[in-house]
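Q: Could you walk me through reading the strands of a model, one feature at a time?

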Amino acid sequence: ITLCLIFFTNVHSQGITLLYTGGLGNLGDTIAWIQINTPPGQIPIQRVPTAEDDVVFSQTLSGISSVSFGFPGDSVNIGGGNSPLCRSLHISGTEFDFYSTNPDYGLAVNVYTANGGSVIIDSGSTIPKGRFSLYGGNPAIIDLQVKDSKFGDITTHNTDWVDLLLDNNARASFIGSSFEG
């Protein structure tokens, strides 16, 4: 008797992690992004992030302590939506200043967790303005996690610079951090 076992595994297509390196580039330039989880023996990918990619802004990894820019369309979709920029966003040890073409509002960041999207802000980061809309899905994960950082600023001229909208099991967590606005 011959016993044959066949195992099927659900292979999840995991994107790469792209670090914003600044330099001569900006958000829309290929030169501004480089892969940080490159397999041994491969050349790091340099390109603009896509819907499958995780995006990192890190002072420790890049030496950039402050980032100030807007995104095309004044919104970033993470984990879903139309024309998403990336799957997840991690801001670490960086002053991250969103701006928008609309002077009364900060940049809109829309997080859809159905595809695993999340935003993590940690290690002493400062986010003075921005509008975060969290759309929880399955799995319902921590959509916005702020650790030892500051989100919002009560000294801005318009409290609409800081909005946090939660929907359908979305969650926000503030650990050792402040939320002002």
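Q: Is strand 9 mostly covered or uncovered, and how is that judged?
A: Buried means under 20% relative accessible area, exposed over 50%, and partly exposed in between, with a 1.4 Å probe and protein chains only. Strands are DSSP runs of E, at least two residues long, numbered from the N terminus. Strand 9 (residues 118-122) is mostly covered, with four of its five residues buried. This is a predicted model, where local features need pLDDT of at least 70, side-chain atom pairs count only at pLDDT 80 or more, and totals for chains, interfaces and linings use all residues. Residues are numbered from 1 along each chain as its sequence is written, and side-chain values use heavy atoms, leaving out hydrogens and water.

Q: Which strands pair with strand 9?
A: In general, strands of a sheet pair through backbone hydrogen bonds, either parallel or antiparallel. Two strands pair if DSSP finds at least two bridges between them. Here, strand 6 (residues 88-92) runs parallel to strand 9, joined by five bridges; in one of them, Leu89 has Val119 as its partner. With strand 12 (residues 142-147), strand 9 pairs in the parallel sense over three bridges, and Ile120 is partnered by Gln145 of strand 12.

Q: What is the strand order in the open sheet of four strands?
A: The order is 5-8-11-14, with parallel pairing. Strand 5 (75-78) and strand 14 (162-167) are at the edges with a single partner strand each, so one side of each lacks a neighbour in the sheet.

Q: How many bridges join strand 11 to strand 14?
A: Six bridges join strand 11 (residues 130-135) to strand 14, and the two run parallel. Ser133 stands opposite Leu165 of strand 14.
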